Amino acid sequence: MAAATPPSTPPRALARIVAASLIGTTVEWYDFFLYGSAAALVFNELFFPGSEPLVGTLLAFLTYAIGFAARPLGGLVFGHYGDRIGRKKLLVLSLLLMGGATFAMGLLPTHASIGVGAPVLLTLLRLIQGFALGGEWGGAVLLVSEHGDDRSRGFWASWPQAGAPGGNLLATGVLALLAAVQSDAAFLAWGWRIPFLLSGVLVVIGLWIRVSVSESPVFLEAQARAAERAAAGVRAKPPVAEVFRTNWRGVLTAVGTRLGENISYYVITAFLLVYVTSHLGLPKSDGLNAVLIGSAVHFVTIPAWGALSDRVGRRAVTLIGSVGMIGWAFAFFALLDSKSFPVIAAAVTVGLLLHGAMYGPQAAFISEMFDTEVRYSGASMGSQLASIIGGALAPIIAVALLRDYDSSLPISVYLAAAAAVTTLTVLVAKETRGRSLAWEGTGTPVRTAVPGARRAAAGHDPVPADN
């Protein structure tokens with residue numbers, strides 16, 4: 001017998017939930033991206049002195065990558081407990097962990113003070129950051145997706161996605177402001193600490209808003225079903241084991257869908273700062289301001305891409321971004337090589353617009369691939385596995401290619417290949433637009449919202465739960 005459909009969330013309550021998710025993810029991404037920008041600009045000198053500039057940057061990015069390595073573990077742990085005890089509790093914990101680690105970075109002694117202990121402590125705090133972010137993404141997008149209705153899920157679920165450029169905008173803006181008002185020596189001596197210490201204030205604001213929202217009604221319904229099964233003596237399997245047993249195709253689809261998006265974002269935002277300063281010899285303010293402009297446009301347009309996916313489908317909008325990125329991968333560096341700031345800013349902005357087409361529909365697309373009982377685990381694992389082979393390695397690979405070939409062409413090929421993987425993945429994936437998130441617990445949807453989804457539910461165009 002199908003479970004009862006959870007009550008619809010009133011618009012005002014949904015807007016509050018969206019705001020809480022957006023502010024929380026913005027703070028978490030601010031913390032995470034701040035490290036990436038600092039790794040490109042100052043950590044090579046403060047924590048890895050004595051190396052050649054690009055080698056020091058490479059070492060700084062290795063600690064940057066360690067944060068990504070911890071993200072699947074965070075996704076595993078947070079996904080397990082998020083599917084068992086709720087989305088909201090885990091989101092509060094992730095924000096506390098991320099904010100605490102980032103604030104502590106602002107207090108770290110450098111290599112000049114304590115030697116090798118400095119990069120060790122930096123790496124430990126980066127691991128905590130990655131662990132926290134691994135649990136943040138799945139919970140934030142699911143809290144909104146499961147409160148929203150089937151017709152407009154792409155739009156509402158894209159708002160937590162906008163937290164990524166929002167956090168990057170905030171981190172880059174603070175760094176750009178400090179770079180403008182401080183000398184390089186002052187910034188290197190103490191100015192770089194200010195953005196990290198500012199995280200403490202942002203976390204308090206994020207927590208104040210996040211603790212006020214309600215738990216997902218879809219999750220509460222699933223939790224009630226689980227309690228009934230437990231009372232009947234049915235032993236529940238761990239969500240992670242269950243998702244790989246029943247929905248492994250969904251995990252692989254999520255990985256492939258995220259790969260081109262993940263790699264392109266970190267090349268366009270993090271590696272750009274290295275390319276502009278080390279390879280082109282331009283001031284760091286040019287790279288920071290270009291990312292600042294691009295992130296502002298990115299923030300505004302991500303919900304628009306999400307809304308478009310509610311009309312034409314998740315796959316169609318994602319393909320606009322992935323196919324466009326294949327060509328832009330080559331135009332991007334050619335435009336950077338002009339050394340003209342307006343041209344560089346335009347190159348970053350167009351690149352982030354194409355990235356947004358992949359990123360905007362992604363929250364709804366991945367959420368709709370999994371059953372409620374394993375959705376946090378499935379979405380988190382698919383997303384965070386992609387982050388290891390995507391975002392973690394992208395700046396490292398790009399820096400290594402630049403060092404070995406002294407040319408942007410191999411980097412363009414690398415970026416285009418990643419976008420091609422996402423294109424092929426989405427082409428073979430099933431459309432999920434309109435799929436209900438209310439389930440019987442066996443992968444069978446109990447309600448649908450759009451005509452295409454009704455036909456799928458009736459068997460005219462089957463859409464299996466594991467695709």
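Lysine 339 sits in the loop that links helix H15 (314-336) to helix H16 (341-359). Helices here are DSSP runs (H or I) of at least four residues, numbered from the N terminus. The model is predicted: local features need pLDDT of at least 70, side-chain atom pairs count only at pLDDT 80 or more, and totals for chains, interfaces and linings use all residues. Residues are numbered from 1 along each chain as its sequence is written, and side-chain values use heavy atoms, without hydrogens and water.

Most residues other than glycine have a negative phi. Lysine 339 is not a glycine, yet its phi is positive, about 60°. The residue is partly exposed, with a relative accessible area of 46%; buried means under 20%, exposed over 50%, and partly exposed in between (1.4 Å probe, protein chains only).

Aspartate 406 also has a positive phi, about 50°, without being a glycine. This residue lies in the loop between helix H19 (394-405) and helix H20 (409-428). Aspartate 406 counts as exposed, at 55% relative accessibility.

Helix H14 (residues 284-312) packs against H15 at about 130°, with axes 7 Å apart. Axes are lines fitted to C-alpha atoms over the stretch in contact, and angles run from 0 to 180 degrees between N-to-C directions. H14 is therefore oblique to H15 (under 35 degrees is roughly parallel, over 145 roughly antiparallel, 65 to 115 roughly perpendicular, the rest oblique). Trp305, Gly306, Leu308, Ser309, Asp310 and Val312 in H14 contact Arg314, Ala316, Val317 and Ile320 in H15, with heavy atoms within 4.5 Å.

How values were computed: Helices (H or I, at least four residues) and strands (E, at least two) are DSSP runs, numbered from the N terminus.
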